[in-house]
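Please take a moment with the sequence and the model shown below before reading on. The notes that follow take up the ligand and its surroundings, and then some local features of the backbone.

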Amino acid sequence: MHGVRTGRQGRGAVGAGVLNAKQAGSAGRGEPAGFDGFPRRDGHLWSEGVPLSAIAATAGTPAYVYSAGAMRAQYQRLTTALSAGGVPYRIHYSAKANSSGAVLRLLRELGAGVDIVSGGELFRALRAGMTGADVVFSGVGKTEREMAEALEAGVLLVNVESEGELRTLDQVAGRLNRGAAPVALRINPEVTVETPHPYTRTGERGMKFGIPYDEALAIARLALSLRNVRLVGLDMHVGSQVSQLDPYTLGIAKLLEVADAARRAGANELRYLDIGGGLAVTYDDEDAADVEAFARAVSALVAPSGMTLLVEPGRFLVGNAGILLARVLFRKRSGGKEYVITDAGMNDLLRPSHYQAFHKIEAVAPASGRSVVDVVGPVCESGDFFALDREMEHVQPGDLIAVRSAGAYGFVMASTYNSRPRAAEVLVDGGRFAVVTEREHYQDLVRQEPDSPVWRSV
Ligand code: LLP
């Protein structure tokens, strides 16, 4: 029996501190309220004002399709909620969720900064028109080269995760001689975090992320003693697809205790409190995150500290603004099961295989009848599936399907496994669409392989 559906486990438990819309009495279930980037018209699935069939005809399949309007609506929802909170705030979009240049540009135009975790993401952010001041540099393992690149770009913050990293950053900044590096300490708040999969929890005791809570003050003192760093912030990131409020409120309270103690120890430049990303979106029929309740609660906690609130949402801004468009190649039966085989595979969208994540799958054109199927890809792995034992429209070979909620952690986690060129990315805005990332060609698969490698002896 396949039937793994752990993607549904993250549905918020009912109780105090649950971060969902139903509890707060605001708009209901399903897709984010306000704007559906993928409406159905006369039975056919569109993206905004463009039929998905037209996009498939132009861009081919598999293709990621993103709705600009859906991203704008989510950004607007977050800024409205945070503005109502009354504390100064900054939104640093977590580029790892979807680092397509077109998406970064769109969010920059809306006023977002960016949260990066690598030199490559810094490169992409700058290329999309962000400046250093728009950038927060997170990540558990930064190289000296990446540190230097970030400091040369003049990033707003380097979120430091260990004593070793702090000392190395101090040395790198000393060598560069461009002034002290602006540092926030990423502290592991060591709270209980519920997410659909253990891989997406980061703020629990003993994890690789952040400075262990009981060492935070000592490292803050160390930062104050080093010449080439300036301690300007504290940071946490508790996890991803977090549907509860408690990890944030408990975590913020713990960070503010460190802030108080650090200020008493002489940290008089502390002004940023970065609470990371993680806001959950709707994949199935679970309640959407109540971002208004989130903003109210975190703002109230942060206000007395006088600090500027930083948030690093990724999935919340782009998750439901994207789909993976694929074509059915074959249907077949085996051992009493029925398979729908598509031209997209786990190399294109890894989440179902890697996290047993649930993604809705819909026929793009109306199909007659329904059946229970495994929707699988062409990759030579039994783990190559998008859905198991799923009841859906009875799609036929040649039909298009849309895998929903693929705007975050979709294309960015794609690989060329099985030597499958990576898919195209398409952005839709109103009645127009553009291919913003060309589909890879076979030649791209071997681009880095010299015809005649240079052999060296040592
Ligand atoms: N900030 C930091 C430091 C992070 O590590 C992350 C995500 C975020 C912000 C953004 O989190 P979000 O708002 O998107 O939840 N591949 C997984 C998710 C991994 C998230 C890693 N860190 C998935 O497909 O569910």
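**Briefing on the predicted model**

Y409 is found in the loop that runs between strand β18 (400-403) and strand β19 (424-429). This is a predicted model, and in it Y409 has a positive phi of about 60° although it is not a glycine. Y409 is also one of the residues that come nearest to the ligand, together with S240, E312, R351 and Y355, out of the 18 residues around the ligand.

**The ligand and its surroundings**

- The space that the ligand takes up is the largest pocket.
- Sorted by class, the shell around the ligand has 8 polar residues and 6 charged residues, along with 4 nonpolar residues.
- The side chain of D115 places a polar atom 3.2 Å from a nitrogen atom of the ligand.
- Backbone atoms take part as well: a backbone N or O atom of G278 lies 2.8 Å from an oxygen atom of the ligand, and a backbone N or O atom of G314 lies 2.9 Å from an oxygen atom of the ligand.
- On its own, the ligand has 590 Å² of accessible area, and the protein covers 90% of that area.

**A sheet of three strands**

- An open sheet is made of 3 strands in the order β1-β2-β3, and the pairing in this sheet is antiparallel.
- Strands β1 (40-41) and β3 (50-51) stand at the edges, and each has a single partner strand, so one side of each is left without a neighbour in the sheet.
- Strand β2, which covers residues 44-47, pairs with β3 in the antiparallel sense over 2 bridges.
- Within this part of the sheet, S47 stands opposite V50, a residue of β3.

**A cis peptide bond**

- The peptide bond that joins T61 and P62 is cis, with an omega of about -5°.
- As for its place in the chain, P62 is in the loop between helix α2 (52-59) and strand β4 (63-67).

Key: Residues numbered from 1 in each chain as written. Predicted model: local features only at pLDDT ≥ 70, side-chain atom pairs only at ≥ 80, totals over all residues. Heavy atoms only, no water. Near = heavy atom within 4 Å. Polar contact = N/O pair within 3.5 Å; in protein donor to acceptor, adjacent residues only side chain to side chain. Areas by Shrake-Rupley, 256 points an atom, 1.4 Å probe, with all protein chains shown as cover. 1 Å grid on protein atoms, 1.4 Å probe; cavity = no way out; pocket = protein on both sides within 12 Å on 5 of 7 lines; lining within 4 Å. Sits in = over half its atoms within 2 Å of the grid points. Nonpolar A, V, L, I, M, F, W, Y, C, P; charged D, E, K, R; others polar. Pairing = 2+ DSSP bridges. Helix = DSSP H or I, 4+ residues; strand = E, 2+ residues; numbered from the N terminus.
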